[in-house]
Amino acid sequence: MQDLKHMSKKKRLIRLNVPRQEEPSTDACKKLTESGADRKRLRLILPILAVLLAAYPVFNLLVTAKNALSSVGRNVATPAKKTVSYKDLDTWQSFQLAADMLPSSRFEAEQLLAPLPDGGTIVYSIDEELQQRVTRVMEEYKVPYGVFVAIEPKTGRVLAIAGHSTLDQSWERNSCYNLYPMASLFKIITATAALEQKKVSPETVFAFNGKLTSENPKYWYVNARRKGQEMPLSVAMGKSVNPVFGRLASDVVGKDSLVSCAERFGFNQTLFPGTPVIPSKAATPLTDDALKLMGAGLGREVKISPLHVAALMAAIANDGVMMAPSLAQEIRNNRGETVFVQKPRQMKRLVAPEISGQLARMLSTTVNSGTSRKAFHDRRGRPMLASVNIAAKTGSIDGKDPAGHYSWFAAYAPIEDPQIALVALVINQNKWRIKATHVGEKALEAFFK
């Protein structure tokens, strides 16, 4: 057989497809030549078609963009905007609307504003300096998780609401409405239930056993035949003495009265309907030890939201009357018409004015001589806010959601004429950043200075 290695591809093709014994006819050669020419044309045309097909989307995009740009300044139909229902807009509906739009808000001329989908505007009640100060403190110290809420006691206006996390930014949005272990802030409820029974007063000296921070009720029993430790209830509140409030819950208040008082404070019910605030929970203690732990603020199933805490502190500051928290100062529709204006609204009476006054005396010791003294005094022992009398309570407990050590600080001031009630929560992990007391002190400093 003839060697085909040195023949061209075209010649080899012809050679292999034609019988050796027959010579190709003129017509066959003509057809074969035409077939080769067609294939050659296809080889030239197909790449061009491929390029045109690939370029079509880009071409279409350019045409669309050109049409869009050319429509500027002309009366071109635009998609309809989502409308907002302003009919019968009440406190809770306005709160929900303001909470939804808060991520898109911005400060303009010392007012926090947020645009509504239909062109309207929400004007928030937020205090710009206070809001920015607490946010800056949490950012500078890089707290893993931090929350701050402040309320004006007499009106319910929310003066600041902020969440910050260096670990999970998605956590920030609902951080003020989610539930966390209440820790020693619950001692306020224990004290309220005891004071209402009129068996004790802030000056009552109470005997106890064990360390101030003891978490085991078996060490709290007092031997009547042996003189042990004792402390006035007001001092015990400031120092957050666990054995005192554990025994107060068990020996004075009782399970039913403590649970009833907690429910009056808003636990186990929908206190803020139609808002993102999750209802606070307080499980009924089944044993005497569980009752002691609950009274001392060590019941891990007692959980509350920061906004609820701020509302409680505001109620105590307001002679025992809780006002409905309001985020929106006013709401305007897309024609600039005011369709909602925040008006103070009483929700419920938590305690009598006499009890709120007694609680104020007890809570004042936290800053003066208790767990927050160091944060509110300089190295020489001089008060950093000398002209402001502060009622406050701290709390500290480990938690799991998110995991870390929970540090609470709740307060209101001035005691004589309360202008602000606040709560700070900082969740630290292995490396501590700051306590919630530090955030609270900076907030009060910004508000009063």
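These notes cover a sheet, the helix packed on it, and the aromatic contacts of a predicted model.

1. **Sheet layout.** Five strands make up an open sheet. Their order is β1-β2-β3-β11-β12, and the pairing is antiparallel. At the edges lie β1 (106–108) and β12 (338–341), each of which pairs on one side only. From one strand to the next, the twist averages 30 degrees.

2. **The β1/β2 pairing.** Strand β2 covers residues 111–115. It pairs with β1 in the antiparallel sense, over three bridges. For a specific bridge to inspect, take Glu 108: its partner in β2 is Gln 111.

3. **Helix on the sheet.** Helix α3 spans residues 91–101 and packs on this sheet. The helix touches β2, β3 (121–124), β11 (328–332) and β12. The direction of α3 makes about 100 degrees with that of β3.

4. **Aromatic pairs.** There are eight aromatic pairs in the structure. One of them joins Phe 447 and Phe 448. The ring centres are 5.1 Å apart, with 90 degrees between the planes. That geometry is edge-to-face.

5. **Aromatic cluster.** Tyr 145, Trp 171, Tyr 180 and Tyr 406 belong to one aromatic cluster.

Notes:
Residues numbered from 1 in each chain as written. Predicted model: local features only at pLDDT ≥ 70, side-chain atom pairs only at ≥ 80, totals over all residues. Heavy atoms only, no water. Pairing = 2+ DSSP bridges. Helix = DSSP H or I, 4+ residues; strand = E, 2+ residues; numbered from the N terminus. Axes fitted to C-alpha atoms, helices over the stretch in contact; angles between N-to-C directions. Contact = heavy atoms within 4.5 Å. Phe/Tyr/Trp six-rings, centres within 6.5 Å; stacked < 30°, edge-to-face > 60°.
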